[in-house]
Amino acid sequence: IDGGGQLRGFVTRDKLVQALRDQGGATPVVDFMLRDIPVVSADSPLEDAFQMLQRRQTPIVAVTGPGGRFGGYIELQNLGELFLLRGYQTGK
């Protein structure tokens, strides 16, 4: 996140392990972080984030709040857990 609260990139576990293996621990994060992360606003429907994850085949969607400031993120795994819990709660 930059000084203005804007997302610059994201480091996944896979990218971190790959960078450590291939380039060592002194590699700057900026060299291996994911860029161009898809973004949804905090008031977007959850379905929008889910479709973006599937359509863009990305591991993450950033969530922004007022002024486009980074507020959090959603991973496909998180949505799977949510859907599982919702199914459990409704008895489906």
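This report walks through a pocket, a helix and a handful of individual residues in one protein model. Keep in mind that the model is predicted.

**The pocket**

Let's start with the open space. Rolling a probe the size of a water molecule over the atoms shows where empty space is left. Here, the largest pocket comes out at a volume of about 270 Å³. Its lining is made up of F10, V11, T12, R13, D14, P59, I60, E75, L76 and Q77. Sort those by class and you get five nonpolar, two polar and three charged residues. Two helices take part: α1 (13-23) and α3 (76-90) each give at least two residues to the lining of this pocket.

Now for helix α2, which covers residues 46-56 and has A49, F50, M52 and L53 buried. Looking down the axis of α2, you'd find these buried residues within an arc of 160°, so they line one face of the helix.

Q57 is exposed, because its relative accessibility of 72% is over the 50% cut-off.

**Another positive phi**

As background, most residues other than glycine have a negative phi. Q57 has a positive one without being a glycine, and D36 is also a non-glycine residue with a positive phi, about 55° in its case. You'll find D36 in the loop between α1 and β1. D36 counts as exposed too, with a relative accessibility of 68%.

**T27, a buried loop residue**

The loop between α1 and β1 (39-41) also holds T27. Is T27 buried or exposed? It's buried, since its relative accessible area of 14% is under the 20% cut-off. The side chain of T27 reaches the backbone oxygen of G24 at 2.8 Å. If you skip the neighbours within four places in sequence, T27 is in contact with A19 and F32.

Strand β3 spans residues 70-75 and includes G72. G72 is buried, at 15% relative accessible area, while F70 is partly exposed at 24%.

What does G72 touch, not counting residues up to four places away in sequence? The list is V61, A62 and V63. With the neighbours within four places left aside in the same way, F70 is in contact with I1, G5, L7, A62 and V63.

G72 and D31 are 41 residues apart along the chain, and their C-alpha atoms are separated by 22 Å. For F70 and V39, 31 residues apart along the chain, the C-alpha separation is 9.2 Å.

**Accessibility at a glance**

Here are the individual residues from the sections above.

| Residue | Relative accessible area | State |
|---|---|---|
| T27 | 14% | buried |
| D36 | 68% | exposed |
| Q57 | 72% | exposed |
| F70 | 24% | partly exposed |
| G72 | 15% | buried |

If you're browsing the structure, the loop with T27 and D36 is a handy place to look at a buried residue and an exposed one.

Definitions and conventions. Residues are numbered from 1 along each chain as its sequence is written. This is a predicted model: local features need pLDDT of at least 70, side-chain atom pairs count only at pLDDT 80 or more; totals for chains, interfaces and linings use all residues. Side-chain values use heavy atoms; hydrogens and water are left out. On a 1 Å grid over the protein atoms alone, a cavity is a set of points where a 1.4 Å probe fits but cannot get out, and a pocket is an open set with protein on both sides within 12 Å along at least five of seven lines; lining residues have an atom within 4 Å of a point. Grid points are joined across faces, edges and corners, and a volume is the space filled by probe spheres set on the points. Helices (H or I, at least four residues) and strands (E, at least two) are DSSP runs, numbered from the N terminus. Ala, Val, Leu, Ile, Met, Phe, Trp, Tyr, Cys and Pro count as nonpolar, Asp, Glu, Lys and Arg as charged, and the others, Gly among them, as polar. Buried means under 20% relative accessible area, exposed over 50%, partly exposed in between (1.4 Å probe, protein chains only). The arc is that of the directions from the helix axis to the C-beta atoms. A polar contact is a pair of N or O atoms within 3.5 Å; within protein, one must be able to donate a hydrogen and the other to accept it, and residues adjacent in sequence count only if both atoms are side-chain atoms. Contact means heavy atoms within 4.5 Å.
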